[in-house]
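Biologist: I'd like to take a close look at one part of this model with you. Could you walk me through it slowly, with the cut-offs for each term as you go?

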Amino acid sequence: MVNTDNATTADALRNALAAVLHKELPELTPSTRLFSDLALDSTSVIELLMELEDTLGLQIDPDELTPDVFETVGSLNAYVDACLTGEEKAS
């Protein structure tokens, strides 16, 4: 697994979103809404999760995902950080 911190996670999330949406995203903030501001849909959410799994080397349990995880860039970043922290503790 990749050793990471919050800034690295934020960069990985920005890069994954840019790859899934096929555009540069220079103005992302923690309050940027994934669905209404970035126009993510259910298919792009799956692509985003796969991209994050590949990039950060984490395993995301779909049963743990709740709609609030996908409200904003900040909420998704917090979820990914929590997944990475949990995996580091389990290692």
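Where is T32 found? Please take me from there through its surroundings.

Modeller: Happy to! This is a predicted model, in which local features need pLDDT of at least 70 and side-chain atom pairs count only at pLDDT 80 or more, while totals for chains, interfaces and linings use all residues. Residues are numbered from 1 along each chain as its sequence is written, and side-chain values use heavy atoms, with hydrogens and water left out.

T32 is found in the loop between helix 1 (6-21) and helix 2. Helices here are DSSP runs of H or I with at least four residues, numbered from the N terminus. T32 counts as buried because its relative accessibility is 10%; buried means under 20% relative accessible area, exposed over 50%, and partly exposed in between, using a 1.4 Å probe and protein chains only. Setting aside neighbours within four places in sequence, T32 is in contact (heavy atoms within 4.5 Å) with E27, D37, L38, E71, T72 and V73. A polar atom of the T32 side chain also lies 2.9 Å from the backbone nitrogen of T29. That is a polar contact, meaning a pair of N or O atoms within 3.5 Å; within protein, one must be able to donate a hydrogen and the other to accept it, and residues adjacent in sequence count only if both atoms are side-chain atoms.

D37, one of the contacts of T32, forms a salt bridge with R33, where the closest N and O atoms are 2.8 Å apart. The term stands for a side-chain nitrogen of Lys or Arg within 4 Å of a carboxyl oxygen of Asp or Glu, and the structure holds 1 of them. Both partners are partly exposed: D37 has a relative accessible area of 40%, and R33 has 43%.

F35 has its place in this loop between helix 1 and helix 2 as well, and is partly exposed at 41% relative accessibility. Not counting residues up to four places away in sequence, F35 touches L40, D41, V45 and F70. Between F35 and V45 there are 9.4 Å in space, C-alpha to C-alpha, for 10 residues in sequence.

Two other residues of the loop have a backbone worth a look. H22 has a positive phi near 60° and is exposed at 69% relative accessibility. A39 has a positive phi near 65° and is exposed at 56%. Most residues other than glycine have a negative phi.

Now on to helix 2 (residues 42-56), whose mean pLDDT of 94 is the highest among the elements of the protein; pLDDT is the predictor's confidence in each residue, from 0 to 100. At the start of helix 2, a side-chain oxygen of D41 reaches to within 3.2 Å of the backbone nitrogen of T43. The buried residues of helix 2 are S44, V45, L48, L49, L52 and L56. Seen down the helix axis, they fall within an arc of 140°, so they line one face of helix 2; the arc is that of the directions from the helix axis to the C-beta atoms. The face turned away from that buried side carries the exposed residues I46 and D54. After helix 2 comes G57, with a positive phi near 70°.
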